[in-house]
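Subject: Structure handover

Hello,

Here is the structure I promised to pass on. Please open it first, then read my notes below.

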Amino acid sequence: MESIVDIEPEGIDDERAEEKGRKSTNWFLRFLFAHVFSLDHKTIARQYLFTGIFWALAGSLLSLIIRIQLGYPQADLSWAGHALGHWIQNGRIDPEFYLALVTMHGTIMIFFVLTGGFIGSLGNFLIPLQIGTREMASGFLNMLSYWIFFLSGAVLFLSFFLESGPASAGWTAYPPLSALADASRGSGAGMTCWIISLMLFVVSTAMTAINFIATIINKRTIGLSFRRLPLTIWAFLFGAVLSLLSFPVLFSALMLLVFDRNFGTSFYLSEVFIAGVPLPNLGGSPILYQHLFWFLGHPEVYIAIFPAFGIISEVISAHARKPIFGYPAMVASLLVIMTLAFIVWAHHMFVAGINPFVGSVFSLTSFVIAVPSAIKVFNWLSTLWKANIQFTPAMLFAIGVVSFFITGGLTGLFLASSAIDLQLHDTYFVVAHFHLVMGSAAFFGFMCGVYYWFPKIFGRMMNSTLGYLHFWITFTGVYLIFFPMHFLGLTGLPRRYYSFTVFDTFSGYADLNAFITSAAFLTFAAQLIFLVNFFHAMFFGEKASLNPWRSNTLEWTTEANIGGNWPGALPIVYRWPYDYSQPGAEKDFIPQNVPKA
């Protein structure tokens, strides 16, 4: 009996191969546009979040190398030669590389962590969800702003691998160190990368600010008037306005710096000598750069801290089970701080030779800006007063922000006085003040937001025990690092010095510097606890309920990771976001989408 053989038509293998290739291409394109070049605000927020975490680790590692040098200047670091290469000379950190470490640490933490990573992640995630819309005003602009931010970071990161090393003119990049390629090793290609990186960063930040403002003003859901906005949204709105008005000034300052470096202009240069040889540049002024830089530099403090203000206002009210105290005053204080932020910049320049009368004006405005800041502190404390406080990790970090802002704010009053600032300028007193009032306060605000909204970002709960451990070690470590620095600064100990062992006046503080270095390592170890908690919870954490904190804002009315944010119609708002523990209510919270009786 003959067997029957099915004969396939000619070319069928080619068709199957083509179909398989088409499916493979379609899968790749779907992945590319869903996870890489996504227009979804939640995906873009996660991209900012992971990028910010990377930069926070990089900046922290740089600070540890700085602290090793300051705490143990005679230590043999030959073991680090495999990682740092020629930057380790005879077992010691090269002095010029030390200046590069200070420059890159400040640049990374201020711009790429506290501004880009912090605002880009939580701002992109929260704004559409809290105002009841499905997406940002421009998904494409949102995606583009992230990838320009990513490119900006890539350029900065590549500068570490240049033979001459990264920029070493300080994070403020004052000329002439930044304006002359021959001024130092890091003033050449490294400085060029720094300028390109920061210019790209400004473009990205401007795009983000425009998107935030357009979304908040135009895409609020029905019933969500400005009087019913959560304080987080007010904070992101005012911060975006600050960014849009101040960052372009930095762009112009950097553009003039490019002209001085490459085209022979003299915007910032005049009567400069290199190795005894005069340069032809005349008529410029490095003070012009300082004015332009600090016109951005001081608003940048509030650009970074405003989101923390909004986040902890939300968290404190929800965890105190009380309405936020003085909502109108909280909004008004943000507006006043935003306005005054543009007329205090010259208090960074009291020692730059500015007219004493001008200095007294900026001293006055620097004192005045403390008033709305104090109003916010009093309102937070009043919200906590006699409250039924729930001490979750998010709440502890929120209280930590208040603590740091009070401590750092009080030391700011010293620096606002031009007479006192003449003695304290460029000492460790400034380092301590700055790291407490902006660095640590903004960082704790970011951590507060991550712990609070992690269930909505990833649909799972973080481990509370590890969260408590993370908070207490970090909180203690921050004070152990920066509180002693105030006293070092009062003795006149200057910042950015490579070593103090050759100064009889300052060599007596070697033990205190070693103590601060040990505290810095302890604090960094606590961040490793956070990372273990964060990534473990992402995949294995307990599944989160719809509203684990029993909060009122709109993001808690929908499941995590739903396309379009809400499966059906958008929610309608009937009340403000802080109806907690209302008399006669069945529960101690009333979400914004619940109609009034």
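What share of the contacts in the protein with a separation of 6 or more comes from residues 24 or more positions apart? The figure is 80%. Keep in mind that this is a predicted model.

Overall build

The protein has 16 helices and four strands. The C-alpha trace spans about 100 × 80 × 45 Å along its principal axes.

Burial comes next. Of the 597 residues, 56% count as buried. The accessible surface is about 25200 Å². Carbon and sulfur atoms make up 68% of that surface.

On charge, the protein carries 29 positive and 30 negative charges. Their mean positions lie 15 Å apart.

Ser313

This residue sits in helix α8, which runs over residues 286–320. Why does Ser313 count as buried? Its relative accessibility is 1%, and the cut-off for buried is under 20%, so Ser313 qualifies. The side chain of Ser313 makes a polar contact of 3.0 Å with the side chain of Trp380. Leaving aside residues up to four places away in sequence, Ser313 touches Leu231, Ile324, Met330 and Trp380.

Backbone points to check

Most residues other than glycine have a negative phi, and most peptide bonds are trans.

Start in the loop between α5 (139–158) and α6 (189–218), where Pro176 is placed. The peptide bond joining Pro175 and Pro176 is cis, with omega about 10°.

Ala173 lies in the loop between α5 and α6 as well. Its phi is positive, near 55°, and Ala173 is not a glycine. Is Ala173 buried or exposed? Ala173 is buried, because its relative accessible area is 0%.

Then go to Ala275. This alanine is in the loop between β3 (273–274) and β4 (277–278). Phi of Ala275 is positive too, at about 55°. Ala275 has 82% relative accessibility, and exposed means over 50%, so Ala275 counts as exposed.

Best wishes

Conventions. Residues are numbered from 1 along each chain as its sequence is written. This is a predicted model: local features need pLDDT of at least 70, side-chain atom pairs count only at pLDDT 80 or more; totals for chains, interfaces and linings use all residues. Side-chain values use heavy atoms; hydrogens and water are left out. Helices (H or I, at least four residues) and strands (E, at least two) are DSSP runs, numbered from the N terminus. Buried means under 20% relative accessible area, exposed over 50%, partly exposed in between (1.4 Å probe, protein chains only). Contact means heavy atoms within 4.5 Å. Accessible areas come from the Shrake-Rupley method with a 1.4 Å probe; for residues, only the protein chains shown count as cover. Lys and Arg count as positive and Asp and Glu as negative; His and the chain ends are not counted. The place of a charge is taken as NZ of Lys, CZ of Arg, CG of Asp or CD of Glu. A polar contact is a pair of N or O atoms within 3.5 Å; within protein, one must be able to donate a hydrogen and the other to accept it, and residues adjacent in sequence count only if both atoms are side-chain atoms.
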